[in-house]
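This report describes a structure for a reader who has not seen it before. Please have the sequence and the model at hand while reading.

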Amino acid sequence: MRPRGGGKPMPARIWRTSTFRFAALYMVLFAISVVLLLGLVYWMTAGFMARQTDETIETEIMGLAEQYRRRGLNGLGQVIGERMRADPDGSAIYLFATPDYKPLAGNLDQWPPLVADADGWLNFPRQDTEAGEVPARARLFVLRDGLHLLVGRDIRDLVRTEAMIRRGLIWGLGLSVALGLLGGLLMSRRINRRIEAINETSREIMNGDLSRRIPDRGSGDEFDKLSEQLNAMLDRIEELMEGVRHVTDNIAHDLRTPLTRLRTRLEMLQSAAGEDLDGAGVAECIAESDQLLQTFNALLRIARIESHGPTKSASVALDQIAGDVVDMYQAVAEEKNVALEADVVPVTVAGDRDLLFQALVNLVDNGIKYTPPGGSVTLAVAVDGDDCCVEVRDTGPGIADAHKEKVTRRFYRIDGARGEKGNGLGLSLVAAVAQRHDALLEFADANPGLVVRLCLPCAVQTAPTNRAH
Amino acid sequence: MRVLVIEDDQDVASYIGKGLREAGHTSDHAANGKDGLFMAASESYDAMIVDRMLPGLDGLSIIRTLRASDNRTPALILSALGEVDDRVAGLQAGGDDYLVKPFAFSELVARLEALVRRAHPETTDATTLTIADLEIDLLKREVRRGGRLLEIKPTEFRLLEYLMRHRGQVVTRTMLLEGVWDYHFDPQTNVIDVHISRLRSKIDKGFQRPLLHTIRGAGYKLGDG
């Protein structure tokens, strides 16, 4: 049977694959480490700068407070003036104000309109003559008599460094996530391709081609090792199955000869004893041995068909074969009061005439066998795209879905109810013929009844003589 | 009749020899190809049974050699190979019939007798065949018994024609499948029996003497008495 429409599943959504999940997990860990690393850099640079600024401001405040304590208000003013002069680019900020924040001295026009935090720190924008508004940080110190002293620094460099590092952090994080995601996708795609190759091979093997093996890349990686192991296992399975089949075929082959002789002895006994002397008993024995021989022959026939490759095939008029089958089985159908009809169009296929006839006979025979009197069996030959299809439709009880897959197994009988005689090899033979012709064999419900379709590639379209009935 | 058996398997050879003796025929046995060819060429036989695989000279070569020297002794090929291609090769070599091992002895004898009969046709181009009061007209495709025209279907006519051409002989079911329907296959049911019983009901029903007989364990025979 061709592994067509064999339900090849869509490749699993990539984010549901475990390789992708591993990659995603790895990406998250990587992102966390990037954050930690950049956080450390931030703390060591911007943090260091900020601490240094704060320390400088505090040292200065302590110095100024000391001057005030020693030399009073005037001394403090003097010192501030000196310091402002010593800092020409104006990065230092000083402001000395009354208890109600009226400026007394310093390089700020007015007291910043902000409230300091509990430790006396405050950040505020400061008007710079050249750069406009620049960030500043200062600390408030309350002197004796309730006078306010504000000492600060221009922190634009610090703020710029901080912003730069923050940008670096965001970009680094984004980039590592994006690269991790991309890497994860590529990696899981790559791994999935290898796994899909294994899946593909297993599907084909399950479809009946036991000779298939998983391709080897020759790189000696772990996938190649896995493939090697699986291939070795498949070799072993094939060997075992071959062995089992060989034994079965040998049994059938070896028992056929003595059984034929037994049959001949019975025949001779029958003719020697004459018709009257227990003729019926011997005749039954002969019939019984014929039945056994037929089973063995069918088994061997299936084995032969299966073991041969595609035979050198001739052009066969499928409609003519179908016509001959109907011609042959019309009488059998009439005996059972079942209508046997043919509905054929001329089609030609490449194949073995006798085997195709055998397959159709088995299908029609089954149809008649399982169709109750008054029912009908239709044998249709039609073209379906590039395929030429034979369809045998009956009005019998059909086959339950659970059995459909299994009916082509050797000796598989659907239990109980049917109780028809037969050797359980008829459909196995059909399946073997189908396989040899690269044909697709399907069982479906005809509601009521069963419809069996056998589709094989059409040969070049020529119209042979139509012997439709 | 006198039959030459060319068969290297001693069991099969003695089985055939014993059966032929019991069926009232005589037989000679050759155990290899060279002896077989020598005997077939030097003596006169009614028929020969040739195994396909033989030591020395294979069965098909023997037949080919005999036919080349214009020896027309009917030859039945025995073989373990049952594929259609093998059968065709056997018949192309000049064999007259092909039987796959193992075989029922009745099948072998029926085929052998048919071969011998075919080799000596009574009338070559008769357009009517007759047995007792049954007569078939091959041109008009008509069947009469006791002068009365019988209504008969095309398939039944072909079956009857085959039986008529082998009248007086046992005809097996396989011979009918091959001769009437021209397909090599295993019928699942007794499809031949059904056809025979329908034919019988047409040609024998209402007449005193039955002509179509069933030979138990072997097949059928169209014969007068």
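What is the bridge partner of Cys389(A) in strand 12 of chain A? The partner is Cys455(A). This is a predicted model, in which local features need pLDDT of at least 70, side-chain atom pairs count only at pLDDT 80 or more, and totals for chains, interfaces and linings use all residues. Residues are numbered from 1 along each chain as its sequence is written, while chains are lettered from A and ligands numbered from 1 in the order in which they are written.

**Strands around strand 10**

Helices (H or I, at least four residues) and strands (E, at least two) are DSSP runs, numbered from the N terminus. Two strands pair if DSSP finds at least two bridges between them.

| Pair in chain A | Bridges |
|---|---|
| Strand 9 (residues 376-384) and strand 10 | 8 bridges |
| Strand 10 and strand 12 (residues 450-457) | 7 bridges |
| Strand 3 and strand 4 (residues 132-142) | 8 bridges |

Strand 9 and strand 10 of chain A form a hairpin with 2 residues between them. In its turn, Gly385(A) has a positive phi of about 65 degrees. Val377(A) stands opposite Asp394(A) of strand 10 of chain A. Of the 8 residues of strand 10 (residues 387-394) of chain A, 7 are buried. A residue is buried if 20 or more other C-beta atoms, placed from the backbone, lie within 10 Å of its own.

**The five-stranded sheet**

An open sheet of 5 strands in chain A has the order 2-1-5-4-3, with antiparallel pairing. Strand 2 (103-106) and strand 3 (121-128) of chain A are at the edges with a single partner strand each, so one side of each has no neighbour in the sheet. In strand 4 of chain A, Gly132(A) is the bridge partner of Asp128(A).

**Cores**

A nonpolar core is a set of buried Ala, Val, Leu, Ile, Met, Phe, Trp, Tyr and Cys residues joined through C-beta atoms within 7 Å. The largest has 115 residues, and Leu318(A), Ala322(A), Val325(A) and Leu360(A) have the most contacts inside it. Helix 6 (residues 318-335) of chain A gives the most to this core, with 10 residues. Another core, of 20 residues, lies apart from it and includes Leu64(A) and Phe96(A).

**Contact between the chains**

Residues are in contact if their C-beta atoms, placed from the backbone, lie within 7 Å. Chain A gives 31 residues to the contact and chain B gives 25 residues. On the side of chain A that touches chain B, helix 4 of chain A supplies the largest share, 9 residues.

Notes:
A residue is buried if 20 or more other C-beta atoms lie within 10 Å of its own, exposed if 12 or fewer, and partly exposed in between; C-beta atoms are placed from the backbone. Two residues are in contact if their C-beta atoms, placed from the backbone, lie within 7 Å.
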